[in-house]
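Subject: Structure handover

Hello,

Please find the structure below, followed by notes on what was found in it.

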Amino acid sequence: SSDEEENNDGKARFEAERDKVLSEIPQALKDKFGTIGFCTVEDDDDETKVYYQPVLIVNPFEVPPKPVRDIYWMDMFTKAKRSKK
């Protein structure tokens, strides 16, 4: 049926995008998916103050698509790719 073909096309597009994105992530980072770490963050009121904030390193395809993957994660990923060029 037409709906089934559309679903298969959508699934194929999603899988192709997923495979492309994951292939661009260094293996060392992929090995950290699911781990907790810490990053430094500047205080909004006083840029001289820095503190540590916990982070969870995630596989972008194991989180909800909106807004986590499609907006926040992909935006950071795109910026990181650009900064490496």
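**Core and contacts**

Leaving aside neighbours within four places in sequence, Met74 is in contact (heavy atoms within 4.5 Å) with Glu17, Val21 and Arg69. This is a predicted model, in which local features need pLDDT of at least 70 and side-chain atom pairs count only at pLDDT 80 or more, while totals for chains, interfaces and linings use all residues. Residues are numbered from 1 along each chain as its sequence is written, and side-chain values use heavy atoms, with hydrogens and water left out.

Met74 and Val21 also belong to the largest nonpolar core, whose seven residues are Val21, Leu22, Ile25, Phe61, Trp73, Met74 and Phe77. A nonpolar core here is a set of buried Ala, Val, Leu, Ile, Met, Phe, Trp, Tyr and Cys residues joined through side-chain atoms within 4.5 Å. Buried means under 20% relative accessible area, exposed over 50%, and partly exposed in between (1.4 Å probe, protein chains only). Helices H1 (2–23) and H3 each supply at least two residues of this core, and H3 gives the most, with three. Helices are DSSP runs (H or I, at least four residues), numbered from the N terminus.

**Salt bridges**

A search of the whole structure finds five salt bridges, each being a side-chain nitrogen of Lys or Arg within 4 Å of a carboxyl oxygen of Asp or Glu.

- Lys20 and Glu24 pair at 2.6 Å, N to O. Glu24 counts as partly exposed because its relative accessibility is 31%. Lys20, Glu24 and Lys81 are linked in a network of salt bridges.
- Arg69, one of the contacts of Met74, pairs with Asp70 at 3.3 Å, N to O. Arg69 has 10% relative accessibility and so counts as buried, whereas Asp70, at 37%, counts as partly exposed.
- Asp75 and Lys79 pair at 3.3 Å, N to O. Both lie in helix H3 (residues 65–84), four residues apart, about one turn of the helix. Asp75, at 38% relative accessibility, counts as partly exposed, and so does Lys79, at 48%.

**Surface patch**

Val68, Ile71, Tyr72 and Met76 make a nonpolar surface patch of about 400 Å². Such patches are made of residues with over 30% relative accessible area and no salt bridge, with nonpolar side chains (Val, Leu, Ile, Met, Phe, Trp, Tyr) joined within 5 Å. Accessible areas come from the Shrake-Rupley method with a 1.4 Å probe. Ile71 is found in helix H3 and, at 46% relative accessibility, counts as partly exposed.

Regards

Conventions
Patch = residues over 30% accessible without salt bridge, like charges linked within 9 Å, V, L, I, M, F, W, Y side chains within 5 Å.
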